[in-house]
Every structure is written in structure tokens, then in C-alpha cells.
Amino acid sequence: MKKTKIYLIGAGPGDPELLSLKAVKAIQNSQAILYDQLVNKEVLKHAAPETKLVYVGKKKGAHVIPQDEINNLLVDLASKYDVVSRLKGGDPFIFGRGGEELEHLARHGYSCEVIPGITAASAAAAAIGLPLSHRDYASQIIFITGHKKEDGDYSAFTELDLHDKTAVIYMGVTALSEMVSEICKKNGNCNIPVAIIENATLPLQRVVRGNLGNISEIAQKADVKPPALLIIGNVVNFMDNIEKIKNEV
Ligand SMILES: C[S@@+](CC[C@H](N)C(=O)[O-])C[C@H]1O[C@@H](n2cnc3c(N)ncnc32)[C@H](O)[C@@H]1O
């Protein structure tokens, strides 16, 4: 294995204070940092002034940089610097393609230290005081991507029985109506509650609520935009219960 120290770092959901101490130290020690769109620019302030910062997110009006290009850039930086960080929003191993970058680096003789980040599901749930698991509502939590695979497969939704489960859907805004109607059909019940959290943990955070039957229209009216996360399941009712308890005290 080659000697370059490479960190694959989760930068958390947005609030720059949700970065781990380990991540801060790695950023401070890096000579080059490759970072994504969802990484808060405040996080980059931990880097030394001479650190080379390379943005690989979506450019204004342009498409995302293809993953192959990012992989190659990573290897190129690894060949030129002693300490390189790859910074990603949330956690690099949850819908972050961190595994693919690790594989690519390994093929080129580099190993990598992974520093986890707070994933959007935990952060969004915490930000609105909604426990993803609760003995009375959900004993299982499922994380799902709202992106279709190349073959257009959406089987994750058609098989989703939400009894005693919380489903968290990442990247679900674009295909929202298609997804919720599939889940609705499977459950034979469109009253299952849904919360959408946009820009979780950031100053522009918004929450939109409804149920499987009406959330698509509600979100459209509210003009919900990514980054946003869907939390689906009876646990969303917890938010009303906690208000009720507070009002009774
Ligand atoms: C490519 S995935 C990256 C997920 C990331 N690796 C993580 O662990 O959170 C991007 C999706 O994560 C979700 N997301 C990330 N940050 C978010 C935020 N601050 N608020 C709401 N959703 C967020 C959205 O669903 C967004 O489309």
C-alpha cells in the first residue's frame, strides 16, 4: 500500500457544529481536500490557509461531476500530497458512494481511514424532536434511496410494509408522488403519516407534514426542494403526542 494518508470524512448534515472532533483534526492536517455540494463551507474553515480545496459538487446550471472523474481526481491528489481528505455530506457510507471511492483507491494501492458523520436521517429526526424508533411506534428503521437504479427498479417501495417500521427516504423529492402512491398501495392505507424535512439543521430548515395520500400535493404547494428527507411511519404522530403531553402538564 502507498503511504499517502487519506481520510474519507462525513461532514454531517449541514450544521457545521455537528462535525466530529476527529473530522476537525483530519481537516486541519490535510494538504488537499475534495468536497461535495452538501458540505457546509464553514467546515472548510478548519483547513489551513494553504490547503488545496477542490469542489466536486454540482456547478451552477451544470450537471454533477461523474463519479469516475471524482475517483480519478482523488487518486491524482493522493499521488501529489501526503495527507488528503475526501469530505462528504452526512455519513460517507450512507448513500454517499463512499464505498466506491474506497474501492477505487484500493485498486490504485491506497488505503483510507473512514471518519463517520451524522447522517441526514439522525440529524433531521433530532432537529424536529422525532425519535426514529420508539417502543410504541416502530421497532425497525429502513433507509431508502429515492433514486431509481438504471433499470428503473422501484421494488424497495412496492415491498414496503410499514407496520411497526419507520422508513426514511433520501433523495425522494423528485419522485415523491410515484413513491408515496406505491407505498400507499402496498400498505392498503394512505393515512400513514409523513414528515418532510428540508434543509435539516440549517437556518432554512422547514418541515412539511401530511400522510401518504396527500403529502405529494402538500409538498408541491410548499415548493419543497432538495436537500429534503422523508420520514414515513406512525412515529411521525409522536410529534403531536409530545405537544399534547406538554399542554397537559
Ligand atoms: C446523496 S445523499 C447523501 C446522504 C448523506 N451521505 C448522509 O448520510 O446524510 C443526499 C440526500 O441526503 C438527504 N440530506 C442530506 N442533507 C440533508 C439536510 N440537511 N436536510 C434534509 N435532507 C438532507 C437528502 O435526501 C439529499 O437528497
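Biologist: How many salt bridges does a search of the whole structure find?
Modeller: Keep in mind that this is a predicted model. Searching the whole structure, you get a salt-bridge count of 14.

Biologist: Asp36 forms a salt bridge with which residue?
Modeller: Asp36 sits in the loop between strand 2 (32-35) and strand 3 (52-55), and the pair links distant parts of the chain, 52 residues apart. Both ends are buried. The closest N and O atoms are 3.9 Å apart, and the partner is Lys88.

Biologist: And is Glu198, which meets Arg206 in a salt bridge, buried or exposed?
Modeller: The N to O distance for that pair is 2.9 Å. Arg206 has a relative accessible area of 30%, so it's partly exposed. Buried means under 20%. Glu198 comes in at 8%, so Glu198 counts as buried.

Biologist: What about Lys45, buried or exposed?
Modeller: Lys45 has a salt bridge to Glu42, with the closest N and O atoms 2.8 Å apart. Glu42, at 39% relative accessibility, counts as partly exposed. The cut-off for exposed is over 50%. Lys45 has 62% relative accessibility, so it is exposed.

Biologist: Which strands stand at the edges of the open sheet?
Modeller: Five strands form that sheet, with mixed pairing, in the order 6-7-10-8-9.

Biologist: Which helix lies across strand 7, strand 8 and strand 10?
Modeller: Helix 7 (residues 215-222) lies across strand 8 and strand 9, at about 150 degrees to strand 9. The one you want covers residues 176-187 and runs at about 10 degrees to strand 10: helix 6.

Definitions and conventions
Residues numbered from 1 in each chain as written. Predicted model: local features only at pLDDT ≥ 70, side-chain atom pairs only at ≥ 80, totals over all residues. Heavy atoms only, no water. Pairing = 2+ DSSP bridges. Helix = DSSP H or I, 4+ residues; strand = E, 2+ residues; numbered from the N terminus. Contact = heavy atoms within 4.5 Å. Axes fitted to C-alpha atoms, helices over the stretch in contact; angles between N-to-C directions. Salt bridge = Lys/Arg side-chain N within 4 Å of Asp/Glu carboxyl O. Buried < 20%, exposed > 50% of the residue type's maximum accessible area, 1.4 Å probe, protein only.
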